[in-house]
Amino acid sequence: MTDTEILVGTHMPLTGPAAAGYSKIAPATRAYFEHVNAAGGVYGRKISYKIMDDTYNPATTQQVVRELVLQDKVFAILNGLGTPTHTGVLDFLKTNRVPDLFVASGSRSWNQPEKYPGTFGFNPDYTVEGKILASYVQREQKGQKVCFLGQDDDFGRDSLAGIEKILGPVAAKQTYVTSNPNVGPQMGALKQAGCQVVMLATIPGFTALSIGTAAKIGFKPKFVVSNVGADYDTLAKQLGAAAPLLDGLVAANYLPASNDANDPWITLFKQINTKYNGNAAFDNNIVYGMSVAVLFVEALKATGKDLTRESLIAAVERGGFKGPSIAPLRFSKTDHSGYAGEQLSKVTGTTQAYFGDAYSTDDGDGPVKAYTPTVVPPAALPTQK
Amino acid sequence: MTAVRERVPTRAGEVVRGRGRLWILAAAPLILALTYILPPFRTYQLATVGAYLCVTAGLTVLTGLNGQLSLGHGALMATGAYTLALSQNALAGRGQWTLAVSAAAAVVVSTAVGAVVGLAAARLRGPYLAGLTLAVAVVVPSITSTFDGTFNSDQGLSVALDPPPGYIPVERWQAWLCWAGALITLLLLANLIRGRFGRNLRAVRDDEAAARLAGISVARTQVMAFVVSAACAGLGGALFAVLAQSVSPGAFPLALSLFLLMAVVIGGLGSLAGALWGALLLVALPALANSVTDRFNAPRLEGNLPLAVFGVVLVIVMLAAPGGIASLTRRVRNETHPDRASRSRFSRRLFRQRRQ
């Protein structure tokens with residue numbers, strides 16, 4: 001970090017089992033930074049974003065994050081992606097006192113201010129999301145047999161914990177690992193158990209695989225999917241000709257929908273995407289990547305001219321950030337978790353759209369409460385100092 | 001490591017190897033100095049070389065001196081790494097001695113696993129042996145997800161480590177640990193392959209029937225070679241767990257086992273100097289590939305480029321110096337030795353797949 005530049009790094013799956021969809025996030029974040037840099041940066045500092053491919057392999061994440069911190073001497077790690085991957089570098093980042101901002105995952109591990117004072121989440125945590133999705137199932141699919149397929153790590157476990165807080169024990173549960181791209185046995189077992197609703201805590205590649213595999217064995221339950229594995233465009237691309245299987249898919253999200261032409265943030269993001277991101281196919285991954293960048297720029301702005309690692313963390317803890325999300329952020333000294341709510345979405349035909357209220361809750365036994373989302377338009381965009 | 005008793009050299013070349021052990025001792029102060037000179041990231045890479053060296057040294061004894069091909073050393077490393085992780089997570093917080101206990105446990109457990117694999121391997125030859133060891137390498141992720149309660153599936157385990165004593169930076173401490181392990185391994189191996197055991201290894205490699213006629217138990221020698229090699233791999237794996245402060249099946253993929261084998265062949269099969277070259281390459285080539293992809297801004301290549309680079313280097317080295325990089329330095333010293341010649345013949349044979 002100098003007076004004219006801030007170097008920030010990230011680890012992302014650009015190749016490998018989680019690359020579908022996710023590989024578009026970091027380039028979108030970088031595109032937004034270029035937009036900000038073109039307007040003079042933040043307090044005269046331009047933001048450089050170094051993206052490292054960890055192939056969603058926790059061992060590779062170890063290596064690339066060490067390289068970013070020890071060799072490239074990045075000022076902070078931003079939006080490192082993945083529960084299993086990022087969990088392994090928490091201690092290393094803490095030892096080196098590197099701010100670890102807005103992790104691209106909803107694991108509850110990011111919210112441990114005492115143990116990891118520099119780590120902050122971004123996504124709503126998977127338990128919060130599990131509770132919101134499960135309360136939808138409780139309202140709309142009363143009395144049906146609800147089952148669960150999740151990633152065999154904290155992602156799946158946190159999600160299931162939230163679901164079971166609302167619904168009680170699920171009828172059947174299965175797990176998968178990303179290193180084995182076959183969910184045949186799992187979907188077979190869920191079919192055997194007579195599941196009518198299958199709740200998925202899966203990354204996009206495995207959401208598509210699960211839905212496709214189920215259809216192949218003549219199993220057509222209702223799918224209710226975690227936000228991290230539910231982007232319609234990503235799934236449709238994965239499924240190809242089988243994309244109509246996505247009709248009726250229920251999920252949740254907390255960022256503006258990429259197909260919402262009326263949202264001012266989407267308008268802005270599309271312009272930036274055209275100008276700085278090589279006009280990549282515009283989907284929710286790009287919205288996600290740019291929303292991360294918006295929040296980071298807000299945090300830099302809030303820190304002020306005297307930017308140090310400590311002052312940045314203090315500024316994030318002061319909180320009060322506004323951005324494109326329909327959900328509130330509640331960063332404080334005692335809360336490092338990400339967005340605190342979600343709104344449900346549904347695929348009708350080929351269109352994924354929000355419906356109903358937005359909901360917020362905690363990861364304990366608190367109730368799932370409806371609220372009316374308010375979005376702050378990007379007029380107050382802090383691109384100039 | 002002071003009880004290095006000199007044996008009467010039986011052949012001219014053995015004297016050279018005796019000198020090699022002096023080099024190993026001389027390396028210690030050099031490494032120590034390097035950990036003070038190098039910046040933290042280079043020190044971390046130096047530590048990684050040390051950890052790899054434990055494995056490549058063991059593998060080169062198995063493949064180069066005994067002629068047994070192993071595509072499963074990554075799995076033996078995983079055995080050591082998981083043992084260390086489980087042991088550390090149970091013991092840590094009581095002081096640095098726990099690390100020594102955990103590392104010892106890692107060596108013991110991987111030795112036991114190596115003995116089981118070795119017993120089966122001693123009955124197999126050529127492609128069947130390769131197939132068996134390949135299966136061992138492939139089974140690691142399945143084991144971790146089947147027993148996810150213990151091994152936590154793909155996410156793996158984090159390793160509880162006590163902070164380095166005093167104000168020693170983490171990377172320097174890691175380099176010391178890894179190189180202590182590597183140098184001890186090298187000393188023990190150098191000692192071992194100089195004596196009767198080493199001659200048995202070579203005799204079995206060169207001609208099993210002749211070895212049997214000379215009164216050597218072929219199966220026993222082969223199992224022992226596997227056990228020694230597994231112990232080294234287990235120690236290397238344990239050191240990797242210390243370096244990464246975590247273990248996961250993704251750290252020990254099939255590609256790692258293949259890289260290890262390629263590294264010892266490129267370095268020079270059957271020589272400990274070759275193992276050092278191999279360990280250096282294992283760290284340097286991916287880093288090189290990384291900087292190349294950086295320059296051309298082609299991050300998607302990154303996962304695949306090291307493999308391609310390794311392949312190209314392997315082809316070039318096999319064409320230019322079939323005895324590996326270590327044979328080049330020997331050629332410079334203008335030494336010829338029948339044993340080395342047979343070693344390079346062997347490596348050529350191995351990669352033309354003409355072994356029976």
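Tutor: Happy to! Keep in mind that this is a predicted model. Let's begin with domains: in chain A, domain 1 covers 5-124 + 258-339, and domain 2 covers 126-255 + 344-371. Their C-alpha centres are 25 Å apart.

Student: How many residues does each domain of chain A give to the contact between them?

Tutor: Domain 1 of chain A supplies 29 residues and domain 2 of chain A supplies 24. On the domain 1 side, the elements giving two or more residues are α1 (19-22), α4 and α12 (284-303) of chain A. The most come from α12(A), with five residues. By class, that side of domain 1 has 14 nonpolar, 13 polar and two charged residues.

Student: And how do I read the contact between the chains?

Tutor: In general, the size of an interface is often given as the accessible area lost when the parts come together. Here we can count residues instead: 28 from chain A and 23 from chain B. On the chain A side, β2 (46-53), α3 (58-71), α4 (83-87) and α5 (90-95) each give two or more. The top contributor is α3(A), with eight residues. That side of chain A divides into eight nonpolar, 13 polar and seven charged residues.

Student: Which distances separate B:Arg205 from B:Gln68, in sequence and in space?

Tutor: B:Arg205 and B:Gln68 are 137 residues apart in sequence, while their C-alpha atoms are 8.0 Å apart in space.

Definitions and conventions. Residues are numbered from 1 along each chain as its sequence is written. Chains are lettered from A and ligands numbered from 1 in the order in which they are written. This is a predicted model: local features need pLDDT of at least 70, side-chain atom pairs count only at pLDDT 80 or more; totals for chains, interfaces and linings use all residues. Two residues are in contact if their C-beta atoms, placed from the backbone, lie within 7 Å. Helices (H or I, at least four residues) and strands (E, at least two) are DSSP runs, numbered from the N terminus. Ala, Val, Leu, Ile, Met, Phe, Trp, Tyr, Cys and Pro count as nonpolar, Asp, Glu, Lys and Arg as charged, and the others, Gly among them, as polar. Domain bounds come from an automatic or database domain assignment.
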